[in-house]
Every structure is written in structure tokens, then in C-alpha cells.
Amino acid sequence: MRSLLPLLLCAGMAQAGETLDPDALSRLVHQDCGSCHGLTLKGGLGPDLRSENLSHHTPESLKSVILDGIPDTAMPPWRPLMSEAEADWVARYLLKAEAP
Ligand code: HEC
């Protein structure tokens, strides 16, 4: 009985969506987003994603672009691939609002 406890705790955390992995997420930003926006995010097929070029965005508006993409453009929706909490992290990371 006692040995089940850690397992239950882990399941609970995953359900709450609180398990963010900053290393994996920043890799995703530079590799996956970078495949279109440039490895240094200065722009490529997609526009420059450095914070100085995102001043027209709030964390909320950026998060919705990330989750839903931009219709009729190459910018894909990431909702199938990341949670709201992860998209929120990425938005803040890009804005450098709370970059770890
Ligand atoms: C398949 C290519 C592709 C990938 C992968 C991609 N994007 Fe984009 N993204 C684009 C394109 C193209 C645009 C410009 C769309 C337009 O014409 O408005 C864009 C636009 C954006 C914008 C709007 C910028 C602005 O000034 O409003 C944001 C923010 C953005 N992408 C973030 C991301 C993030 C974060 C990721 C990774 C999670 C990502 N993109 C992955 C192609 C891509």
C-alpha cells in the first residue's frame, strides 16, 4: 500500500498540468519554432520572435497565437502538442516577462 503513494502523487501532478519542463520547452522554442522563425528567432519563413519585435503582444494574445496558430498562413496551431500552461510559459519566455 505504502509503495503506491509516489505513483499517486505523480498522477495527480500530471493531471493538474503543473509539470512544466523549462529545458524541454526552451529547446522546443529554438528547434521547432526556430525551424520557421530562425534558430536565433530573428525570423525566417515566419517573423522575428525576439521580444523587441513582439511589443504588440500581451502574454495572453501571444498564447492564443501559439495555441491556435494564424489561419491561412504557415503558422500552425500548437494546441495538439502543448498544454495551455506550456503555451503560457512559451509566451512569457518569448516576451522575457518571466523567462527562467
Ligand atoms: C511551419 C512554420 C512555423 C512554425 C513551426 C512556427 N511558426 Fe510561428 N509563424 C509562422 C509564419 C509563416 C508566421 C506569419 C504568419 C502571418 O503571415 O501572419 C508566424 C507567426 C507567428 C507569430 C505572430 C508574430 C506577430 O508578430 O504577431 C508568433 C507569435 C509565432 N509565429 C510564434 C511561434 C511559436 C512560439 C512557435 C513554436 C511553438 C512557432 N511560431 C512555430 C510559421 C511558423
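Predicted model: local features only at pLDDT ≥ 70, side-chain atom pairs only at ≥ 80, totals over all residues.

Tutor: Let us begin with the cysteines. A disulfide is a covalent bond between the sulfur atoms of two cysteines. With a cut-off of 2.5 Å between the sulfur atoms, the count here comes to zero disulfides.

Student: Are Cys33 and Cys36 buried or exposed, or partly exposed?

Tutor: Cys33 has a relative accessibility of 12% and counts as buried, whereas Cys36, at 28%, is partly exposed.

Student: Where do His37 and Met75 lie?

Tutor: His37 belongs to helix H2 (residues 22-37), while Met75 is in the loop between helix H3 (59-68) and helix H4 (84-95), so the pair ties together parts 38 residues apart in sequence. His37 is also buried, its relative accessible area being 9%.

Student: How does one check the length of a helix such as H4?

Tutor: One sets the expected span against the distance between the end C-alpha atoms. At 1.5 Å a residue, the twelve residues of H4 should span 16 Å, and the end C-alpha atoms are 16 Å apart, which agrees. Just after H4, Lys96 takes a positive phi of about 60 degrees.

Student: Which residues of H4 are buried, and what covers them?

Tutor: The buried residues of H4 are Ala87, Asp88, Trp89, Val90, Ala91, Tyr93, Leu94 and Leu95. Their cover includes H2 and H3. From H3, Lys63 touches Glu84, Ala87, Asp88 and Ala91, leaving aside residues up to four places away in sequence. Lys63 is itself buried, with a relative accessible area of 13%.

Student: How many residues form the largest nonpolar core?

Tutor: This core has 18 residues, and those with the most contacts inside it are Val29, Leu54, Leu62, Ile66, Met82, Val90 and Leu94. H2, H3 and H4 each supply at least two of its residues, and H4 gives the most, with seven. As one case, Leu62 is in contact with Leu54, His57, Ala91, Leu94 and Leu95, its neighbours within four places in sequence being left aside.

Methods:
Residues numbered from 1 in each chain as written. Heavy atoms only, no water. Helix = DSSP H or I, 4+ residues; strand = E, 2+ residues; numbered from the N terminus. Buried < 20%, exposed > 50% of the residue type's maximum accessible area, 1.4 Å probe, protein only. Expected span 1.5 Å × (residues − 1). Contact = heavy atoms within 4.5 Å. Core = buried A, V, L, I, M, F, W, Y, C linked by side-chain atoms within 4.5 Å.
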